[in-house]
Amino acid sequence: MAAIRGEIDRLDRDLVALLVRRAACIDRAVAVKRAEGLPARIDARVDEVMANVRAIAAAEGLDPDLVGEIWARLVEWSIAREERALGEDRP
């Protein structure tokens with residue numbers, strides 16, 4: 001059991017590191033959106049991201065509903081981060 005727990009802990013560290021990299025991409029996107037006059041939320045992109053991760057999950061044998069719930073939270077957090085950086089008011 002200790003070995004399995006150790007592996008889970010390593011995977012958790014890896015997942016957090018990937019989330020840090022994803023957040024850095026969000027921060028870079030802010031600069032592009034600011035320069036191009038784009039809003040934080042682009043619904044077509046949100047839909048694309050959600051469809052992509054659900055399809056990947058399904059193809060890998062993971063519950064797409066679970067992944068969809070996780071990513072919905074991640075995407076909303078990312079949009080809120082962009083909105084703060086862009087100075088947009090969120091309703």
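Predicted model: local features only at pLDDT ≥ 70, side-chain atom pairs only at ≥ 80, totals over all residues.
View 1. As for handedness, α2 goes past α3 in a right-handed crossing.

**View 2. Here are the residues where α2 meets α3.** From α2 you get V46, V49, M50, V53, R54, A57 and A58. Across from them, α3 puts in P64, D65, V67, G68, W71, A72, V75 and I79. Sorted by class, this contact comes out as 12 nonpolar residues, one polar and two charged.

**View 3. Zoom in on the largest nonpolar core, which has six residues in all.** Its members are A40, V46, V49, M50, V75 and I79. Two elements, α2 (43-60) and α3, each give two or more residues to this core. The biggest giver is α2, with three residues. As a bit of background, nonpolar side chains in soluble globular proteins tend to be buried together.

**View 4. What does V75 touch, leaving out residues up to four places away in sequence?** The list is R22, V46, V49 and M50. V75 is one of the core residues, and so are V46, V49 and M50. R22, for its part, is among the α1 residues that contact α3.

**View 5. Helix α1 (residues 2-36) packs on helix α3 (residues 64-86) at an angle of about 40 degrees.** The axes of this pair sit 10 Å apart. With that angle, α1 counts as oblique to α3. Again the crossing is described by its hand: α1 passes α3 in a right-handed one. On the α1 side, the contact is made by L19, R22, A23, I26, D27, A29, V30, K33 and R34. On the α3 side, the partners are W71, L74, V75, W77, S78, R81, E82, A85 and L86. Split by class, the contact of α1 with α3 holds 11 nonpolar, one polar and six charged residues.

Methods: Residues numbered from 1 in each chain as written. Heavy atoms only, no water. Axes fitted to C-alpha atoms, helices over the stretch in contact; angles between N-to-C directions. Helix = DSSP H or I, 4+ residues; strand = E, 2+ residues; numbered from the N terminus. Parallel < 35°, antiparallel > 145°, perpendicular 65-115°, else oblique. Left-handed = near helix turned anticlockwise from the far one by under 90°. Contact = heavy atoms within 4.5 Å. Nonpolar A, V, L, I, M, F, W, Y, C, P; charged D, E, K, R; others polar. Core = buried A, V, L, I, M, F, W, Y, C linked by side-chain atoms within 4.5 Å. Buried < 20%, exposed > 50% of the residue type's maximum accessible area, 1.4 Å probe, protein only.
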